[in-house]
Protein chains: 2
Amino acid sequence: MTIGALRERMADLIDLSALSRLAAWDQRTMMPPAGGPGRSDQLATLERLAHERATGDEVGGWLEALESEPLEGIDAEIVRIARRDFDRARRVPGELAAEIERAASEGQDVWQAARAASDFAALAPALRRNLELAREHAACFDGFARPYDALLADYDFGLTAARVQAVFGELAGPLASLVAEASSGAAAAPVPPVAAQQAAVPAVLARIGADEEGWRVDVSAHPFSVGVGLRDSRITTRYGEDDLLSVIAALHEFGHALYERQIAPELARTNLGTGTSMSVHESQSKLWENHVARHPAFATVIAEALTAGGFPGDPVALHTSLVAVRPSLIRVSADPVSYPLHIVLRFELELALVEGGLEVPDLPAAWNDGMRRLLGVEVPDDASGVLQDTHWAAGAFGYFPSYALGCLIAAQLWEALERDLGPQDEGLARADVAAIRGWLAERVHRHGRRLDTEPLVEHATGRGMEAAPFLRHARSLVGVH
Amino acid sequence: MTIGALRERMADLIDLSALSRLAAWDQRTMMPPAGGPGRSDQLATLERLAHERATGDEVGGWLEALESEPLEGIDAEIVRIARRDFDRARRVPGELAAEIERAASEGQDVWQAARAASDFAALAPALRRNLELAREHAACFDGFARPYDALLADYDFGLTAARVQAVFGELAGPLASLVAEASSGAAAAPVPPVAAQQAAVPAVLARIGADEEGWRVDVSAHPFSVGVGLRDSRITTRYGEDDLLSVIAALHEFGHALYERQIAPELARTNLGTGTSMSVHESQSKLWENHVARHPAFATVIAEALTAGGFPGDPVALHTSLVAVRPSLIRVSADPVSYPLHIVLRFELELALVEGGLEVPDLPAAWNDGMRRLLGVEVPDDASGVLQDTHWAAGAFGYFPSYALGCLIAAQLWEALERDLGPQDEGLARADVAAIRGWLAERVHRHGRRLDTEPLVEHATGRGMEAAPFLRHARSLVGVH
């Protein structure tokens, strides 16, 4: 009976979290601007009720009872993950959690102004406060070798700073050299007009299976995806005259959404029925972004869609433009080869900040040094340097690594996929991605939260996380071998 | 302290109900079709959590404590209405509530098929079941003279079958005569093409104050409105080649939404901060539909918007067409004069069904007799007769009267408004509705749930509900005095 009560509670939490995602999606795509304050109230209430239901004493009672029962299969996994989530949630005192949330919210407000004025000093006090709270947060947990590991566990349970350092260590030197060597001097290809992009995005998505029966595509300032329900996937993109981000972002978000859709049906409405970690989630978006959307064969599909939208697309020029290496200041518009170097820098810095090796006032200089060392670019001002991302201002330390780990895992998965299925060029030129979807479903998606990041990578590829596949992919992209 | 706890709980319930409205809006306007089953789960969970929080023993404890305190002003009103809602919710056993919901849901499914086949016999068992359950539901409550009164209280607390019978008694005879006398033989004016309507609807709404800062207008199969937040109002309409319902429906839904927006700010996030009843809500939509959108002066505004949308609109022809009396079979497309007669019939029938004077198998014949008697039309089949509405199949007995009471109250309010402010023709021709909005805010909207239907009508107009103002309005519409 107790497993029934636990499962019912988990289903409640799944539904509340779906409603929360719906409300967030609506806020970013549909809500009239004046709805903002009301929406904050609604989301805060939802969050509070979900927290109460996730951390109530009755949940602890069910878990204790269940842990002495001989459970098997999914039920055993449900209890194992429920225990982990319950303990993590209960260990953070309510006051600290509220203080972290308040400081994060204030930090973001301060950051907006500081970035606009390119004034790091204006952000420094809020950053110091967030760091103090992050350390207090880390101190709530036992069993971690380093404070940073405790923070990382919120995003990627089971990863450690040491593991990230090892993988990034394999990556950084060779990649920095490759970027220095491969930087493209070629002029960028002309960007298709917005109208052609607006026609192409849904056309490309429809060809890879994002039909109107179960998907929506909308516009938002920053592209994102949500699964509101198992068969209700929503992705957004944005359209500009300066790049072809619209198509790339749509494929990226498609990858996130597909992951959630292809989790095994028997995990639906349980605590196992969602993506396992930030890194693995990002690997799914990066796989569709880097290995499908930027694949030379898939350029034909994009070009056809742009042509149908009134812009004569040339696959070769398109592909060249989508993979050109141009080391630059801003992470979110970085090319696919130099992108992980932006993350390597952020990881080094946030690790040093959390562990005390770097003081907040020294952060801008360290940032600028790192950009020079890793990407060979000079940072002209903090707005296009250390102030460009909102994460630290929002108290998110430990989040950044997943962006680069996602790139690495994607490359590793793609190699394994092509090893199993053979080269995908022919299928990709026809937008036939059924085999890719099937392989991902079987090796990655269906497991939900049953496997953590590195065990999942091992299960899918036969090896732990490593940098070599990404480096091989990067070399092939730029034609350096 | 206890009032603080009660207020906090009420705020929770307000937020949960806003999320529920958002999810329902999304389902009808945005959701990919495959999201349906997931959305049902989400809404059911939300409803269950809200019910738990509304009916928990702790709420009863707070109310008992507060009822012995010397509260004043809003706090006293919060407690009075909370007690009413709490007692009503607690008196219905959980099993009965679930059974009512299940039967309603099944009844709607059966109704879809029965209407499609024009087969009343197929619906009859579900209807009998709904009626039994409605009687059981009514029996849960004390203090009502008749079972129907207990059902009515779910929609219009304080109204009684006797009161509705009295008001409809004043209405039915004179209105049926007027309809018979005034039925228009004139051919309908040409309907503006959909593109012109699609341009006109937002243009007209913008002129009466539904700006993009706080409003949305979308399309749905059946027009509706929701206030997701205090400053987030969403209305829908639908576009067709056969009538100008799009503009009429938009103004109707604007009236509902404006009511919620103009409730006094100090009632926000309390149990008082919403419309008081179905009848008063419908009076607000009907006021904007019948007295603004169908006002001869406002035809100029609609015509201008249609002209800007590419269809040369003629105010006189437009107005004539919007008020032409054409007794017909279908309630939702009835003209504004004959509309309440459709409701008078439904009220007579559902009252007899609930109180046992009419058996389910005799319902179609009674319906057809009534249509002949009240509207002078012959019903060719049950699909366009007794099967046209979903309400009874969904177990909603006691809901129908509000549709006609809304028309009557709107006319009564409009007379009072013009008595206070003078004729509105000049303002309406310029879409200047500031005085109308202000009067409604002061006399009707700001009170929220502090006044029930009839006390509110008395407060706003100095008289109880009556049929005479609507009859005067109807006569003026058709030029019969």
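**Before starting.** I kept in mind that this is a predicted model.

**Entry 1: α1 and α4 in chain A.** I began with helix α1 (residues 2–29) of chain A and helix α4 (residues 73–91) of chain A, which pack at an angle of about 60 degrees. Their axes are 11 Å apart. That angle makes α1(A) oblique to α4(A), and the crossing is left-handed. Next I looked up who touches whom. From α1(A) I noted A:Ile3, A:Leu6, A:Arg7 and A:Met10; they meet A:Ile74, A:Asp75, A:Ile78, A:Val79 and A:Ala82 of α4(A). I sorted these contact residues by type and got seven nonpolar, two charged and no polar.

**Entry 2: α14 and α16 in chain B.** Over to chain B, where I checked helix α14 (residues 339–355) against helix α16 (residues 401–421). How far apart are the axes, and at what angle do the helices pack? I found 8 Å between the axes and an angle of about 140 degrees. Roughly antiparallel would need an angle over 145 degrees, so α14(B) and α16(B) count as oblique to each other. I put this crossing down as left-handed. On the α14(B) side the contact is made by B:Tyr339, B:Pro340, B:Ile343, B:Phe347 and B:Glu350. On the α16(B) side I listed B:Pro401, B:Tyr403, B:Ala404 and B:Cys407. The tally here is eight nonpolar residues, one charged and no polar.

**Entry 3: α16 again, now with α19.** I stayed with α16(B) and turned to helix α19 (residues 453–461) of chain B; this pair packs at about 20 degrees, with axes 9 Å apart. That makes α16(B) roughly parallel to α19(B). I noted a left-handed crossing for the pair. In α16(B), the residues involved are B:Ile409, B:Gln412, B:Leu413, B:Ala416 and B:Arg419. They meet B:Thr453, B:Val457, B:Ala460 and B:Thr461 in α19(B). Polar residues do show up in this contact: I counted three of them, beside five nonpolar and one charged.

**Entry 4: the cavities.** How many cavities of 30 Å³ or more are there? I got four.

Key: Residues are numbered from 1 along each chain as its sequence is written. Chains are lettered from A and ligands numbered from 1 in the order in which they are written. This is a predicted model: local features need pLDDT of at least 70, side-chain atom pairs count only at pLDDT 80 or more; totals for chains, interfaces and linings use all residues. Side-chain values use heavy atoms; hydrogens and water are left out. Axes are lines fitted to C-alpha atoms, for helices over the stretch in contact, and angles run from 0 to 180 degrees between N-to-C directions. Helices (H or I, at least four residues) and strands (E, at least two) are DSSP runs, numbered from the N terminus. Angles under 35 degrees count as roughly parallel, over 145 as roughly antiparallel, 65 to 115 as roughly perpendicular and the rest as oblique. A crossing is left-handed if the near helix is turned anticlockwise from the far one by less than a right angle, and right-handed if clockwise. Contact means heavy atoms within 4.5 Å. Ala, Val, Leu, Ile, Met, Phe, Trp, Tyr, Cys and Pro count as nonpolar, Asp, Glu, Lys and Arg as charged, and the others, Gly among them, as polar. On a 1 Å grid over the protein atoms alone, a cavity is a set of points where a 1.4 Å probe fits but cannot get out, and a pocket is an open set with protein on both sides within 12 Å along at least five of seven lines; lining residues have an atom within 4 Å of a point. Grid points are joined across faces, edges and corners, and a volume is the space filled by probe spheres set on the points.
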